[in-house]
Amino acid sequence: MDTSAQLDRFLAGVEKRAYAMVLSSVKNPDDALDIVQDVMIALVTKYAHKPEDQWAPLFYRMLKNRTTDHHRGGAIHQRVFAWFKSDPEDGEDPLTQVAGPAVEQPQDRFSQTLAADEIVQAVAELPERQREAFIYRAWEGLDVKDTSKVMGCSQGSVKTHYSRAVHALREVLAEFGNE
């Protein structure tokens, strides 16, 4: 497979998740989309020649830097957190793509929606560094080394932030389960 096709496959694989990550930080769908597109263009124009295994850390580091630049520019807007929202253009909700039982009962679907909303809210309320470590490690599957590159900190710091995030989420979600 040629580099162009590999890069297209990589970008297609990270596009919606990157959008959701940025949206959780900037809270504005248009700004989030602009940031993701800028980073994708920069990856293609500046780093397409790099080995494929380096694209993910480069991409996420650039995404983090661009998001930070956005915040520094004072363009933060208060919008509804939309962690699982897909690209507004395609109208698909990724949660509908999750396999369910052959016949879902309305009360089960309602309970699942409430649980997903609670998880989204819990992740959104984590401190920024904990949220980043959790997203990169648990959601994106980056290892500690690559996550430390993306976050610009030591591997020990990544482990600490990730551990604190997991403990905080367990605490919040355990409370939800007991309601």
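**Exercise 1. Locate arginine 17 in this predicted model, and decide whether arginine 17 counts as buried, partly exposed or exposed.**

Solution. Begin with the secondary structure: arginine 17 belongs to helix α1, which covers residues 3-26. Next, take its relative accessibility, which is 29%. Buried would require a value under 20% and exposed a value over 50%, so arginine 17 is classed as partly exposed.

**Exercise 2. Which residues does arginine 17 touch, leaving aside those up to four places away in sequence, and which backbone oxygen lies 2.6 Å from a polar atom of its side chain?**

Solution. With those sequence neighbours left out, arginine 17 touches Tyr60, Trp139 and Glu140. The backbone oxygen in question is that of glycine 13.

**Exercise 3. Describe how helix α2 and helix α3 cross, and work out which residues form their contact.**

Solution. Two packed helices are described by the angle between their axes and the distance between the axes. For α2 (residues 29-47) and α3 (residues 55-72), the axes come within 9 Å and cross at roughly 135°. An angle over 145 degrees would count as roughly antiparallel and one of 65 to 115 as roughly perpendicular, so α2 is oblique to α3. The crossing in which α2 passes α3 is right-handed. On the α2 side the contact involves Asp31, Ile35, Val36, Asp38, Val39, Met40, Ala42, Leu43 and Tyr47, and these meet Trp55, Leu58, Phe59, Met62, Leu63, Arg66, Thr67 and His70 of α3. Sorted by class, this contact has 12 nonpolar, two polar and three charged residues.

**Exercise 4. Carry out the corresponding description for helix α5 and helix α6.**

Solution. The axes of α5 (residues 128-139) and α6 (residues 144-151) come within 10 Å, crossing at roughly 135°; the two helices are therefore oblique to each other. Here α5 passes α6 in a right-handed crossing. From α5, the residues in contact are Arg129, Glu132, Ala133, Tyr136 and Arg137, while α6 contributes Val144, Thr147, Val150 and Met151. By class, five are nonpolar, one is polar and three are charged.

Key
Residues are numbered from 1 along each chain as its sequence is written. This is a predicted model: local features need pLDDT of at least 70, side-chain atom pairs count only at pLDDT 80 or more; totals for chains, interfaces and linings use all residues. Side-chain values use heavy atoms; hydrogens and water are left out. Axes are lines fitted to C-alpha atoms, for helices over the stretch in contact, and angles run from 0 to 180 degrees between N-to-C directions. Helices (H or I, at least four residues) and strands (E, at least two) are DSSP runs, numbered from the N terminus. Angles under 35 degrees count as roughly parallel, over 145 as roughly antiparallel, 65 to 115 as roughly perpendicular and the rest as oblique. A crossing is left-handed if the near helix is turned anticlockwise from the far one by less than a right angle, and right-handed if clockwise. Contact means heavy atoms within 4.5 Å. Ala, Val, Leu, Ile, Met, Phe, Trp, Tyr, Cys and Pro count as nonpolar, Asp, Glu, Lys and Arg as charged, and the others, Gly among them, as polar. Buried means under 20% relative accessible area, exposed over 50%, partly exposed in between (1.4 Å probe, protein chains only). A polar contact is a pair of N or O atoms within 3.5 Å; within protein, one must be able to donate a hydrogen and the other to accept it, and residues adjacent in sequence count only if both atoms are side-chain atoms.
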